[in-house]
Amino acid sequence: MTKTFQQTLTLTGATGYAETVGNGSIIETKGWELALNLAPIRTDNFNWDINFNISNFDKKVIKINDIVSSVQVAEGRTAYLVHDANDDWGNIYGYNVVTNDAGVPLINSNGLRVYSDNFEKVGNVQADFNGGLINYFRYKNFNLGISIDFQGGGEYYSVTRQLLAYSGLGDFTVGDNSLGNPLRDPVLDVSGNEVNQVLASNVGTGSGGVLVEGVDEATGNPVSYYTSSYSYFKSMNRKAGEWIYDASYVKLRQLSLGYSIPKKTIEKLPLDAITINLYANNLWLIYSEIDGIDPSEIEAYNSTDDDIRWTENAQDPNQRTFGLGVKLSF
């Protein structure tokens, strides 16, 4: 399936204009879906039904238009969602860690990682697959429903993790370093002097700080520093490439328990049936790469292209909801 979208397009300043309106992109979508409905057990008193589905949709940007080959479709916290011609739909752009050809980070003389001067591709929102599993059990007048959904692959930009690092409120900003000393303790050289960073070969045994390893940006030789935790975590602020995470998850979406009152109990009432249900939603995030962040609940952020969930923008924690329902049939 191929679609063409019209939207405002950002132009290079060399044209003399800031933007124009035109085809936002020509997108080709291919995919598959598998659905299974099973009934493993069927008796007079007990039923078990299973509904399972899994799907994949692969979107490719075939072309933007004759003016540009790339278009920004959303912005959030010094990161952008971009459509690039001849590439996967849903690329995330931001400042990224600079590495050598072997993928080893470059380290500067301040004992910090080097970041790109310009935005570059740091991730992609597209999942490898999505799906759900519903189990429904009935025993006499009782019924139990269990609904699970899941996703494999895809990525998102976590502003929560970024701000937790910058503010020093994240649990990953405390603890002991590789010397067995608290990260937040002062960095000490071998003579006991307090410094902001020191080569690992010249660090004091009682030093705090974060061990930063890579290759020297000037020489390309392996290098490692102990750097103050304040400088280290502050340097990562607004560097989207540091905060890209796997969007895979498994979630217990809903649990429901119901009871149908026997007909003989209500035979004197002007009712055909009474069913009472207890339910709970968003009950348990079974798996996520980052504890406390639910990839299935990430909000769209200033997106002009569908409801694209690509940046977790320091949103409030998800809420569990519980309820009671009564169904009356006349």
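Me: Arg 42: buried or exposed?
Reply: Exposed, at 52% relative accessibility. Keep in mind that this is a predicted model.

Me: What does the Arg 42 side chain meet in a salt bridge?
Reply: Asp 49. The N to O distance is 2.5 Å.

Me: And is Asp 49 buried or exposed?
Reply: Asp 49 counts as buried, because its relative accessibility is 18% and the cut-off for buried is under 20%.

Me: How many salt bridges does the structure hold?
Reply: Nine.

Me: OK, next one. What does Arg 113 pair with?
Reply: Glu 242. Their closest N and O atoms are 3.0 Å apart.

Me: Are Arg 113 and Glu 242 buried or exposed?
Reply: Both are buried.

Me: Now Glu 297. Which side chain does it meet in a salt bridge?
Reply: Arg 253, at 2.7 Å from N to O. This pair also links distant parts of the chain, 44 residues apart. Glu 297 lies in the loop between β20 and β21 (311-312), and Arg 253 lies in strand β19 (residues 249-260).

Me: How accessible are Glu 297 and Arg 253?
Reply: Glu 297 is partly exposed at 25%. Arg 253 is partly exposed too, at 23%.

Me: Which residues are in the network with them?
Reply: Asp 149, Lys 251 and Asp 294 join Arg 253 and Glu 297. Salt bridges with shared partners make it one network.

Me: What does the lining look like by class?
Reply: Eleven nonpolar, six polar and six charged residues.

Me: And how much space is in the second largest pocket?
Reply: About 260 Å³. Its lining has 16 residues, with Thr 160, Ile 290, Asp 291, Gly 292 and Ile 293 the closest to its centre.

Me: Which helix gives the most to that lining?
Reply: α1 (residues 159-167), with three residues. By class, the lining of the second largest pocket has six nonpolar, four polar and six charged residues.

Me: Last topic. Which residues form the nonpolar patch on the surface?
Reply: Tyr 139, Phe 142, Leu 257, Ile 276, Leu 278, Leu 324, Val 326, Leu 328 and Phe 330. Together they have about 940 Å² of accessible area.

Me: Which strands supply at least two residues each?
Reply: β20 (273-288) and β22 (321-329). β22 gives the most, with three.

Me: Where does Val 326 lie, and is it buried or exposed?
Reply: Val 326 lies in strand β22. Val 326 is exposed, because its relative accessible area is 53% and the cut-off for exposed is over 50%.

Note on methods: Residues are numbered from 1 along each chain as its sequence is written. This is a predicted model: local features need pLDDT of at least 70, side-chain atom pairs count only at pLDDT 80 or more; totals for chains, interfaces and linings use all residues. Side-chain values use heavy atoms; hydrogens and water are left out. Ala, Val, Leu, Ile, Met, Phe, Trp, Tyr, Cys and Pro count as nonpolar, Asp, Glu, Lys and Arg as charged, and the others, Gly among them, as polar. On a 1 Å grid over the protein atoms alone, a cavity is a set of points where a 1.4 Å probe fits but cannot get out, and a pocket is an open set with protein on both sides within 12 Å along at least five of seven lines; lining residues have an atom within 4 Å of a point. Grid points are joined across faces, edges and corners, and a volume is the space filled by probe spheres set on the points. Helices (H or I, at least four residues) and strands (E, at least two) are DSSP runs, numbered from the N terminus. Patches are made of residues with over 30% relative accessible area and no salt bridge: like charges are joined within 9 Å, nonpolar side chains (Val, Leu, Ile, Met, Phe, Trp, Tyr) within 5 Å. Accessible areas come from the Shrake-Rupley method with a 1.4 Å probe; for residues, only the protein chains shown count as cover. A salt bridge is a side-chain nitrogen of Lys or Arg within 4 Å of a carboxyl oxygen of Asp or Glu. Buried means under 20% relative accessible area, exposed over 50%, partly exposed in between (1.4 Å probe, protein chains only).
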